[in-house]
Amino acid sequence: MRDRREYAEPFRIKMVEPVQLIPREERRRKIEEAGFNVFRLRSSEVFIDLLTDSGTSAMSQSGWAALLQGDEAYAGSSSYEEMKETVQDIFGYPHVVPTHQGRAAENILMTMLVQPGDRVPGNMHFDTTEGHIMLNRAEPVNLVVQEGYRISSDAPFKGNIDLQRLEEELDSNGDRIPFVLLTITCNNNGGQPVSMQNIRDTAELTRKYDVPLFFDAARFAENAHFIRERESGYEGVEIRDIAREMFSWGDGCTMSAKKDGLVNIGGFLALRDEDLYHRAIQWQIPFEGYITYGGMAGRDMQAMAVGLREVIDEQYLQDRIGQVRYLAEGLAHRGVPVIEPPGGHGVFIDARQVFPHIPQRDFPAQALVVQLYLEGGVRGVELGTSAFGRTDPDTGEMQYPELELVRLAIPRRVYTDRHMDRVVEAAAAVLERGGEVRGLQLVREAPVLRHFTAEFARLP
Ligand code: F0G
């Protein structure tokens, strides 16, 4: 038996949402009808939904109570003030631009600062961030440290940016770099954290070259928890103080409150510089809405203020990260190859090791997503050739991504460890019968972001 968790959940359940596992035969029919793409399933056909940790959190009783106190005034809403003060307190940035979600904050930041031909370095940009950089005809530059790409490396901060390569980039392209962006934690390689030392060193470099530093703060509290746990000098330091220190090194952040805001929708752009804030609101008003609501209802801003205070609670974080670790250990114990150490918001399975007989062109990670659904009604997400494969515009040949992963993202405060046990059983069953599983072929795809809508067929 693997270890039980040391901590019990620091909450009890007051309201329940029924879920059910539909029969296997029905799952088979549903996934075929969905073109072997779990995005096309209805949530009622899914038992344990680990598609994303974004917008799927359970709010607390305080969060729900806050909804009733929302001030829906178009201008000067007290809910905006409440949210702004909370952000100022935790992030330390004086100016707060509310947006409907994280990507809207990215849109404002990029529209303001990114020019055609620019290069935007970061550890590893999230997909929508990359999208906004490219929409402004600039180039995203991902400089995560080498071990960030290694599945078997147990380095503690696999989200760190490679400082040497960053300096080379700043040195040779400094005039084309509007800012550097650190994503904390780094979603695209497994929710891996960035150390305080790396943040500090990055800040020193960007100051030397007079380039601003921003954060993508979607999972900032999880990042702070890892610093407290793994970095010397931070043991016993309060999460709030770690967060304040992280952000003190930068000029602002984009935030998707759908993650570490513990709400189902919302986000913001926070800025240190007043002039930049005045430029930002020129874009906020046409894109999002007036400066004191920007795409959010008053009630949602009120609930976000509560969520931001709850997410930096050490007991909450211990339970949260503990559950992710519980799932990762359970899977590893049954021989399922997972990225180690697990990150903050989910567990990533290496599909190539599960299905060594399926070549990359036949979508091994997509085949694994399908199999997890068939075995246990579990919905994960493909991060492999379907999501990241690109057709070379010159040669017409497929360029394959480095990794074929399946992400099992865990919603915050939603599932119990017994749900995690069912996920482990499903994955173990897939592994056992792995050799019989055939790959997939694309039958329909969109020109961009194809994984959301693509349809597949089983290979003969
Ligand atoms: N930045 C990071 C690191 C993210 O993971 C996401 C969203 C965003 C920005 C965009 O925020 O969705 O509020 O517009 N990630 C989700 C996910 C979709 O499933 O990982 P958004």
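**Entry 1**

I looked up Asp 260 and found it buried, with a relative accessible area of 0%; buried means under 20%, exposed over 50% and partly exposed in between, using a 1.4 Å probe and protein chains only. This is a predicted model, where local features need pLDDT of at least 70 and side-chain atom pairs count only at pLDDT 80 or more, while totals for chains, interfaces and linings use all residues. Residues are numbered from 1 along each chain as its sequence is written, and side-chain values use heavy atoms, with hydrogens and water left out.

Which residue does Asp 260 meet in a salt bridge? I found Arg 412, at 3.2 Å from N to O. (A salt bridge is a side-chain nitrogen of Lys or Arg within 4 Å of a carboxyl oxygen of Asp or Glu.) Arg 412 is buried too, at 0%.

**Entry 2: Glu 222 and Arg 320**

Next I checked Glu 222, which forms a salt bridge with Arg 320, with the closest N and O atoms 2.9 Å apart. Glu 222 sits in helix α8 (220–230) and Arg 320 in helix α12 (314–333), so the pair ties together parts 98 residues apart in sequence. Helices here are DSSP runs of H or I with at least four residues, strands are E runs of at least two, and both are numbered from the N terminus. Both Glu 222 and Arg 320 are buried.

**Entry 3: the wider picture**

I noted that Asp 53, Arg 219, Glu 222, Asp 260, Arg 320 and Arg 412 are linked in a network of salt bridges. The count by this rule comes to 32 salt bridges.
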